[in-house]
There are 2 protein chains.
Amino acid sequence: MTNRVIRIAELPKGALSPEHFDLQSGVMPAPEKGEVLLRTLYMSIDAANRSWMQGATYREAVKAGDPMPTYALCEVVESKSDRLATGDLVACESSWSDFITRPARLCQKLPRTEQLSHLMSIYGIAGKTAFHGLVSVGRPIAGETVLVSAAAGSVGIYVGQIAKALGCRVVGIAGGPEKCAWVVDELGFDACIDYRDPGMFKALRAACPNGVDVYFDNVGGQILETALFVMNERGRVVCCGAISQYDTESVTGPRNLPGLVVVKRLRMEGFIVMDFAHQDKTAIRALQTWVAQGKIKVVEDIVEGLENAPAALIGLLAGDNKGKRLVHVANPQGPAGAGN
Amino acid sequence: MTNRVIRIAELPKGALSPEHFDLQSGVMPAPEKGEVLLRTLYMSIDAANRSWMQGATYREAVKAGDPMPTYALCEVVESKSDRLATGDLVACESSWSDFITRPARLCQKLPRTEQLSHLMSIYGIAGKTAFHGLVSVGRPIAGETVLVSAAAGSVGIYVGQIAKALGCRVVGIAGGPEKCAWVVDELGFDACIDYRDPGMFKALRAACPNGVDVYFDNVGGQILETALFVMNERGRVVCCGAISQYDTESVTGPRNLPGLVVVKRLRMEGFIVMDFAHQDKTAIRALQTWVAQGKIKVVEDIVEGLENAPAALIGLLAGDNKGKRLVHVANPQGPAGAGN
């Protein structure tokens, strides 16, 4: 049996493209003591994957020759640890590959749910990031206006829907009229602004007649700059990501900083989902409640096949996904399939 | 008796210069019901004065033809209000003039202290801004490293000395080797970096071997950008002002935002001294305590004569002051001097 692995052929300087990746077939890895052999089921495709190629972040920088790292949902095929058994479902830092060995202590065991992919979307990093960032960092109050960029993205769709469930006016920012219409019609946002529209600033002002109290920033750059102008006094900017800055060499900053931060007494605060791990149970329960109540729709964008992972990431950076993008690699086989 | 008033002749587009001001002599103003006639004693010269000429901030924009606004310490010459009596000392929003009339309800009565100028420096906006911004927004803890820009300026000298009193390592940023030496030798900072030095970033790293926990930003622009790189995780950026951005047309932003804010989970927060007015008594008591204990030195830079106010402000924007810059206009005459 062979194992396919997608490695970084060369680190990108500008935009990411297929030649930066290299799919190779090799031998199956064998777990050592304390390790497990894992079958990849779903891989999470995130803008942050691209930022890892820019240098050290909250994790080590990715180098040429490395297997492309990813967060993944996997099934234990073989275990050399007491912690996990064949057939267990785990989430872990993995790589773009059919199989991988990992220390069992670095794998988080998950319950089997009806829709496994939900563990990687609403009940995974995307949903938890949206919940913790909005609730714990942004702290919106019913009646306030919440603005979210990358509104049709994996995190944005939940930020907006959570804010609606909390009683806020919700305005999204997304790319193109079709996506904007979808965010309003399908997800129930009050409005959605197309950032490619030259009249964006006016449209934003019109959509936020009472200004913006919480801006959930997934993109950075010029959209952040524009958003600062519509913030209310005591507004909060939740700094979640900077997708506009990852896939480019020409990084631009919000030029109106810190002037507006002072004048409007803004709070800009960065966070990472792991910072709030102690509140994950609360987040999951809240999300499950809203899903059961029909207040939150789960939207997934699933790409089939490990070999399509590079295209899935490149497309995500170009903004062609709606909701959480995953790559489906294999179905679980359960304990009986172990070792086959 | 005539009253001298300095008006804005023309709003500056680039750097401020003397021709943007016009000194005129006119008749003495007369107070109406509810108003007081005030004699200007000291005028506060602040970088913020320049920012008022850029457009509306936390106050209305200043327009061509307006008397140049200022915060001032004044003596009541004549009162048509029950609130104030001749000879009372007040602080108020005033203008660059010998005399002015103001509604009595907008004047804050102050106690007569031995050194009147202290009411406009350490016990005025500068000292309170330093205290509230550092203590309530930055929240440094003994053993942490506090970095402050415009370290020799009116607010910076107190930020650093308060941080030292709280047990922090304190590093300043100032312009030129002479000022830097003064900040260390005279004010007791642990180190001070010259921002004009091309090796500034290395010097900053060397002066902050444990990174920076609180950066008190008075300047914005490239120094803010540089400071973000040396911040520790969970660091706090106190956004107090952006002096580097006021006297120029080419506003630059920190280009590493929000990437670093996310990765390092920074909190950047703007504030204005009035936001913490409810804690002013606590601030004054703390500052008096530290002054009495010899832990804080009061440094003032007093320019003599109303007619020198334009040069005093232009010079301040070029960074040639040490400590709080004031313009001394007149001495108090007490109740006996009323109407003379």
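## Basis of the model

Because the model is predicted, local features need pLDDT of at least 70 and side-chain atom pairs count only at pLDDT 80 or more, while totals for chains, interfaces and linings use all residues. Residues are numbered from 1 along each chain as its sequence is written, and chains are lettered from A and ligands numbered from 1 in the order in which they are written.

## Relation of the two chains

At the interface, 31 residues of chain B are in contact with 31 residues of chain A, two residues being in contact if their C-beta atoms, placed from the backbone, lie within 7 Å. Helix H8 (259–263) and strand E13 (267–270) of chain B are the elements that give two or more residues to the side of chain B that touches chain A; helices (H or I, at least four residues) and strands (E, at least two) are DSSP runs, numbered from the N terminus. That side of chain B has 16 nonpolar, eight polar and seven charged residues, with Ala, Val, Leu, Ile, Met, Phe, Trp, Tyr, Cys and Pro counted as nonpolar, Asp, Glu, Lys and Arg as charged, and the others, Gly among them, as polar. Since 100% of the interface residues of chain B are also interface residues in chain A, the copies meet through the same surface.

An open sheet of 12 strands with mixed pairing has the order E10(A)-E9(A)-E8(A)-E11(A)-E12(A)-E13(A)-E13(B)-E12(B)-E11(B)-E8(B)-E9(B)-E10(B), two strands being paired if DSSP finds at least two bridges between them. Strand E10 (191–194) of chain A and strand E10 (191–194) of chain B are the edge strands, each pairing on one side only, and the twist averages 15° from one strand to the next.

Strand E13 (residues 267–270) of chain A pairs with E13(B) in the antiparallel sense over three bridges, and in this region A:Glu269 stands opposite B:Arg267 in E13(B). Within chain A, strand E8 (residues 145–149) and strand E9 (residues 169–174) run parallel and are joined by five bridges; A:Val148 has A:Gly172 in E9(A) as its bridge partner.

## Helices on the sheet and against each other

In chain B, helix H2 (residues 125–138) lies across strand E11 (212–217), strand E12 (231–239) and E13, running at about 140° to E12(B). Helix H4 (residues 177–187) of chain B lies across strand E9 (169–174) and E10, at about 165° to E10(B). Axes here are lines fitted to C-alpha atoms, for helices over the stretch in contact, and angles run from 0 to 180 degrees between N-to-C directions.

In chain A, helix H2 (residues 125–138) and helix H3 (residues 156–165) pack at an angle of about 50°, with their axes 8 Å apart. H2(A) and H3(A) are therefore oblique to each other, given that angles under 35 degrees count as roughly parallel, over 145 as roughly antiparallel, 65 to 115 as roughly perpendicular and the rest as oblique. The contact is made by A:Ala126, A:Gly127, A:Ala130, A:Phe131 and A:Leu134 of H2(A) and by A:Tyr158, A:Val159, A:Ile162 and A:Ala163 of H3(A), which divide into eight nonpolar, one polar and no charged residues.
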